[in-house]
Structures are given as structure tokens and as C-alpha cells.
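Keep the structure open as you read.

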Amino acid sequence: MSTTAKLTLATTTLGAIGIVIFVHRQQQLDKAAMHQGVIRDMEQQRIKRERQLDFEMQRQLEEEYKKVQTVSD
């Protein structure tokens with residue numbers, strides 16, 4: 001095999017290996033980013049539930065106070 005052919009083979013082999021490594025790494029980063037999105041969504045849902053519970057508790061307190069106190073609009 002000539003030197004040019006060996007050089008071409010080595011270059012294309014290294015290029016292909018580099019591309020495979022790059023694509024694999026990019027897939028790992030994408031998967032990690034998607035996982036972070038799921039975690040962020042779960043946290044937002046937890047905060048929303050807490051706020052809803054606080055709102056309901058405030059509504060109940062308001063109803064109790066309206067029973068005890070006279071409020072005019």
C-alpha cells in the first residue's frame with residue numbers, strides 16, 4: 001500500500017472515530033439536559049401544589065373570619 005493510501009486510510013479512520021465520539025458525547029449531554037428539564041418541572045409542580053394549599057388555607061381562614069366578624073362591602 002502506498003504512503004498516500006495509508007495516510008488517507010488513517011485520516012478517514014480517525015475522522016470517523018472522532019465523529020462517533022462527538023455524537024455519543026452530544027447524546028449524553030442532551031439526555032442530561034432533558035433530565036434536568038424533568039427535575040425542573042417536578043419542582044415547579046411541587047411549588048404550585050404548595051401555593052394552592054396555601055391559597056386554600058387562606059380561603060378557609062377567610063370563611064371562618066367572615067363567620068365570626070361582620071364585614072361590609
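## Charged pairs along the helix

Lys-66 is partly exposed, with 44% relative accessible area; partly exposed lies between buried, under 20%, and exposed, over 50% (1.4 Å probe, protein chains only). Its partner is Glu-62, and their side chains form a salt bridge at 3.3 Å, N to O. A salt bridge here is a side-chain nitrogen of Lys or Arg within 4 Å of a carboxyl oxygen of Asp or Glu. Both residues sit in helix α1, 4 residues apart, about one turn of the helix. Helices are DSSP runs (H or I, at least four residues), numbered from the N terminus.

Shared partners in salt bridges link Glu-43, Arg-46 and Glu-50 into one network. Arg-46 meets Glu-43 at 2.3 Å and Glu-50 at 2.4 Å. By the same rule, the count comes to 3 salt bridges.

## About the model

This is a predicted model: local features need pLDDT of at least 70 and side-chain atom pairs pLDDT 80 or more, while totals for chains, interfaces and linings use all residues. Residues are numbered from 1 along each chain as its sequence is written, and side-chain values use heavy atoms, leaving out hydrogens and water.

## The annotated segment

An unreviewed UniProt entry annotates residues 6–24 as "transmembrane region"; such annotations may be inferred rather than shown by experiment. Over residues 6–24 the chain is 100% helix and 0% strand, with the end C-alpha atoms 27 Å apart.

Ile-19 belongs to helix α1, which covers residues 3–68. Ile-19 is exposed, at 54% relative accessible area.

Note on methods:
Helix = DSSP H or I, 4+ residues; strand = E, 2+ residues; numbered from the N terminus.
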